[in-house]
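Here are my notes on the model, as numbered points. Please read them with the structure open.

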Amino acid sequence: MKIIRSKYAGACYGVERALSLVDEAANLTETVVHTLGPLIHNPQVVSELKRRGVEEAATVAEIDEGVVVIRSHGVEPAIIRQAEAKGLQVVDATCPHVSKAHQAARELRELGYSVMVVGERGHPEVEGIHAYAGSDAMVVQDPGDLPEVLPSDKIGIVVQTTQAASVLDAIVEALRARGIEPEVRNTICFATKQRQQTAVELAERADVMVVVGGRNSGNTTRLAQLCREVCAQTHHIENASELNAEWFVDAELVGITAGASTPENQIIAVEKALKALGEPV
Ligand code: SF4
């Protein structure tokens, strides 16, 4: 049985950076460290952090002292001001790509555009970008979601970093059909795109595809869905103990990929377990 790992798989730059910042905070400080929401959507990492004394809080109001870590999704500036006003030490792990989207939203607003944030309504990253985009800013998920009446004809677009380019293109086309030429700041990050493209290319050739990552991780779940479309034998697992030898009977090529929130050690553990399954008894 041949085992191939997808060219781009596992933790992206922003997640690696957030993990290392929280690690540093947990090692250096004597006081309690909180993350605002789960640091990443990976239950094993979150429980390991808890074991090391890193707690999770839903809001700043729940934290009385110590360090608060802002995760890679970023937050609206009012939340950072609230934490500082309470005397908390803020460790900002907002991914620099997300910060660029914040800057783009602010610039468009300052240039007099009505800002349209293309992204998933209610997602923490989108809420953060929206807060920089001005009072008439709107969130649009797809062309069908465009409001009938726009606040102005001067529309500036900024995009959730993990959006598919096809959604952005479709929204721009729909606006053009209404006679509006939007100013587009394409803030899509390539980490997600690379993971999806290379995983699908591998899944097309594989007999069985194994996707590693939290079941609560949106990007891992999406990766598994895309792989399943081209490889029916796709299994989404959180850790090596879930591998089932029966999945690999007669498999010649097994592909492995992992979501942007899956740390390297979890992928290596699955690779090792798969190699052990493939060895002759
Ligand atoms: S997917 Fe991109 S924007 Fe999101 S955390 Fe990773 S590197 Fe940053």
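**Notes on the predicted model**

1. Start with β12. Six of its six residues are buried, so this strand is largely enclosed by the rest of the structure. The model is a predicted one, so keep that in mind throughout. Cover is found on both faces of β12. Leu253, Gly255 and Thr257 are buried on one side, and Val254, Ile256 and Ala258 are buried on the other. The cut-off matters here: a residue is called buried because its relative accessible area is under 20%.

2. Next, the sheet around β12. It is open and has four strands, in the order β1-β12-β10-β11, with parallel pairing. β1 (2-5) and β11 (234-237) are the edge strands, and each pairs on one side only. Direction ignored, neighbouring strands are turned by 20° against each other on average.

3. Which strands pair with β12, and through which residues? One is β10: residues 208-212 of β10 and residues 253-258 of β12 run parallel and are joined by five bridges. Valine 210 has isoleucine 256 as its bridge partner in β12. Valine 211 is partnered by threonine 257 of β12. The other is β1, which pairs with β12 in the parallel sense over four bridges.

4. α8 (residues 218-230) lies across β10, β11 and β12. Its direction is at about 170° to β11.

5. Now the nonpolar cores. The largest has 20 residues, and Val22, Val33, Leu39 and Val69 touch the most other members. α1 (13-28), α2 (43-51) and β4 (67-70) each supply at least two residues of this core. α1 gives the most, with five residues. A second, separate core has 15 residues, including Met138, Ile155, Val172 and Ile188.

6. Look closely at valine 33. Leaving out residues up to four places away in sequence, valine 33 touches Val22, Ala25, Ala26, Gly53, Val54, Glu55, Val67 and Val69.

7. Last, a helix pair. At what angle do α4 and α5 pack? Helix α4 (residues 96-110) and helix α5 (residues 124-131) pack at about 35°, and their axes are 8 Å apart. The crossing of α4 past α5 is right-handed. On the α4 side, the contact involves Val98, Ala101, His102 and Ala105. They meet Glu125, Gly128 and Ile129 of α5. By type, the contact residues are four nonpolar, two polar and one charged.

Technical notes
Residues are numbered from 1 along each chain as its sequence is written. This is a predicted model: local features need pLDDT of at least 70, side-chain atom pairs count only at pLDDT 80 or more; totals for chains, interfaces and linings use all residues. Side-chain values use heavy atoms; hydrogens and water are left out. Two strands pair if DSSP finds at least two bridges between them. Axes are lines fitted to C-alpha atoms, for helices over the stretch in contact, and angles run from 0 to 180 degrees between N-to-C directions. Contact means heavy atoms within 4.5 Å. A nonpolar core is a set of buried Ala, Val, Leu, Ile, Met, Phe, Trp, Tyr and Cys residues joined through side-chain atoms within 4.5 Å. Buried means under 20% relative accessible area, exposed over 50%, partly exposed in between (1.4 Å probe, protein chains only). A crossing is left-handed if the near helix is turned anticlockwise from the far one by less than a right angle, and right-handed if clockwise. Ala, Val, Leu, Ile, Met, Phe, Trp, Tyr, Cys and Pro count as nonpolar, Asp, Glu, Lys and Arg as charged, and the others, Gly among them, as polar.
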